[in-house]
Amino acid sequence: MSDQHPHPHHPSHDWRGSRRLTVGDKEIGIADLQGEQAKRWEQELPDTVYREGLRRAHELGLPPADSVVDKDQISTFVRNDSLRFAGIQTFLKMPYVEDVNLLSQHEVAVVGVPFDTGTTYRPGPRHAPQAMRAISSLLAPYYFELGVDLREQLDIVDAGDIFCLPGSIEKSYDQITKGIQHICDQGAFPVVLGGDHAIGFPTARGVMNSFDRKIGVIHFDRHVDTAPRDLDERMHTTPYYWASHEKHFDLGNLVQIGIGGMQVSRPGIKEGRDGGTVIMTVDDVEQLGIDQAADLALEVAWSNGAEGVYLSFDIDCVDPGFAPGTGWPEPGGFLPREVLKLIRRIASEGLLGMEVVEVSPPFDVSDVTSLLGVRIITETLCSLVNAGKLGSSRSGEPHTQRAREIQARRATGLPSQ
Ligand SMILES: [Mn+2]
């Protein structure tokens with residue numbers, strides 16, 4: 001590089017002083033970068049819950065052997081999430097609550113629905129709750145871009161699984177509805193680890209039974225799932241036909257994102273036409289752009305007097321190149337970053353609960369589909385916290401009554417479970 005022709009990407013002046021750089025004909029404020037903003041936010045986050053976890057690890061799992069230098073972080077028995085591949089598997093290594101009567105003390109309850117009797121081709125989602133729990137240990141609770149630390153800002157517990165009956169779809173529906181309704185009645189936000197999409201009917205029914213007001217559903221999928229029956233039964237192709245026959249939901253509040261290709265049920269399309277669903281294809285989202293597509297979905301879901309919205313995310317709306325472990329892979333779906341950004345905006349308006357369905361671990365590769373399912377959930381939770389709909393702010397201000405109660409309990413030193 002000669003002095004006469006300095007490389008434009010290596011300016012000679014001290015850019016650190018001004019924090020502005022000229023790249024080509026564009027002047028860029030370094031501080032305006034998302035990454036730089038995120039660096040500042042990280043400084044505002046507390047580490048109170050993390051520190052308490054370390055203290056507990058020593059109390060319950062003994063301080064480390066004498067030769068260990070980092071006496072704070074390490075215990076003799078694993079009792080926190082420092083050793084991410086070790087320990088008992090719960091979602092994000094959050095506490096397991098064995099007594100479901102105590103869910104009223106927590107803000108978010110993760111629950112597995114290990115059920116795949118509603119599949120019509122590849123089975124396997126009965127293994128998804130455990131697979132998602134296992135791979136969730138890869139993720140730390142801190143989300144860089146939003147500057148959210150789920151451990152510090154939100155009280156999440158793992159409530160274990162609902163007892164599904166693999167020999168009976170109908171009895172499993174009743175079990176699932178009872179379980180989800182219980183979580184909602186306890187005032188906890190349900191995060192459902194499916195399960196095939198047949199569970200979309202009993203989960204929505206459980207949410208509605210508890211909420212007792214009209215809801216909308218934002219439904220990501222390559223398939224419409226609005227057929228009355230499939231192979232003579234209620235299956236994973238039928239949940240929204242049946243949900244729409246409940247008191248507090250109709251198809252006019254169902255927005256379906258990502259539908260398309262050559263696996264779409266014609267009887268289901270007829271129901272959607274008659275009932276007034278809104279379908280957005282991958283092309284629609286591309287043409288509208290992510291933000292406008294998300295806003296349109298919110299408009300539909302919240303229309304006609306709906307007072308809450310439930311999010312149902314079928315992993316097969318993402319292209320099978322990124323989500324191969326699923327029952328009916330259909331080429332041409334979304335990119336992971338597209339759905340994450342859609343979810344981030346949709347969740348910022350608040351939700352009644354959410355589910356990720358149709359992850360099929362036996363058909364997965366390197367756990368990528370399970371991992372994406374987990375990221376859909378963490379994206380939703382971080383967005384809800386960031387938007388003030390759950391948990392507390394970075395400075396510790398509670399966003400919800402439940403968060404206020406949890407903080408008060410922690411301050412008095414009472415155990416939360
Ligand atoms: Mn599907």
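This briefing describes the overall architecture, domain contacts, core and selected local features of the structure above. The model is predicted. The protein contains 14 helices and 12 strands. Its radius of gyration is 23 Å, close to the 22 Å that the globule rule gives for 417 residues, so the protein is as compact as a globular protein of that length. An assignment divides the protein into domain 1 (26-87) and domain 2 (91-403).

**Overall form**

- The C-alpha trace spans about 75 × 60 × 40 Å along its principal axes.
- Buried residues make up 47% of the 417 residues of the protein.
- Of the contacts between residues at least 6 apart in sequence, 72% join residues at least 24 apart.

**Domains and their contact**

- The centres of domain 1 and domain 2, taken over C-alpha atoms, are separated by 29 Å.
- Contact between the two domains involves 15 residues of domain 1 and 12 residues of domain 2.
- On the side of domain 1 that touches domain 2, the elements giving two or more residues are helix H2 (34-44) and helix H3 (48-61).
- Helix H2 supplies the largest share of that side, with 5 residues.
- By residue class, the side of domain 1 that touches domain 2 has 7 nonpolar, 3 polar and 5 charged residues.

**Nonpolar core**

- The largest nonpolar core comprises 99 residues, and Val108 and Ala297 have the most contacts inside it.
- Helix H13 (residues 368-386) provides the largest share of this core, namely 9 residues.
- Leaving aside residues up to four places away in sequence, Ala297 touches Ile218, Val255, Ile257, Met280 and Ile346.
- Two of the elements named elsewhere in this briefing can be related to these residues: strand E8 covers 215-220, and strand E10 covers 278-280.

**Helix H14**

- Helix H14 (residues 401-411) has Arg402, Ala403 and Ile406 as its buried residues.
- Seen down the axis of H14, these buried residues fall within an arc of 100 degrees, so they line one face of the helix.
- Gln401, Ala408 and Ala411 are exposed on the other side of H14.

**Backbone features in loops**

- Gly194 and Gly195 are joined by a cis peptide bond, with omega at about 10 degrees.
- Gly195 belongs to the loop between strand E7 (189-194) and helix H7 (200-211).
- Leu92 is not a glycine, yet it has a positive phi of about 55 degrees.
- The loop that holds Leu92 runs between H3 and strand E3 (108-113).
- Leu92 has 22 other C-beta atoms within 10 Å, and it is therefore buried, the cut-off being 20 or more.
- Asp225 also has a positive phi of about 55 degrees although it is not a glycine.
- Asp225 is located in the loop between strand E8 (215-220) and helix H8 (239-243).
- Asp225 counts as buried because it has 32 C-beta neighbours inside 10 Å, where 20 or more are required.

- Ser168 is found in the loop between strand E6 (156-161) and helix H6 (169-185).
- With 12 other C-beta atoms within 10 Å, Ser168 is exposed, because the class extends to counts of 12 or fewer.
- Ser168 and Thr117 are 51 residues apart along the chain, while their C-alpha atoms are separated by 7.6 Å.
- Gly276 sits in the loop between helix H9 (266-275) and strand E10 (278-280).
- Apart from residues up to four places away in sequence, Gly276 touches Leu251 and Gly252.
- From C-alpha to C-alpha, Gly276 and Arg234 are 21 Å apart in space, and they are 42 residues apart in sequence.

Methods. Residues are numbered from 1 along each chain as its sequence is written. This is a predicted model: local features need pLDDT of at least 70, side-chain atom pairs count only at pLDDT 80 or more; totals for chains, interfaces and linings use all residues. Helices (H or I, at least four residues) and strands (E, at least two) are DSSP runs, numbered from the N terminus. Two residues are in contact if their C-beta atoms, placed from the backbone, lie within 7 Å. The arc is that of the directions from the helix axis to the C-beta atoms. A nonpolar core is a set of buried Ala, Val, Leu, Ile, Met, Phe, Trp, Tyr and Cys residues joined through C-beta atoms within 7 Å. The radius of gyration is taken over C-alpha atoms; the globule rule is 2.2 Å times the number of residues to the power 0.38. Domain bounds come from an automatic or database domain assignment. Ala, Val, Leu, Ile, Met, Phe, Trp, Tyr, Cys and Pro count as nonpolar, Asp, Glu, Lys and Arg as charged, and the others, Gly among them, as polar.
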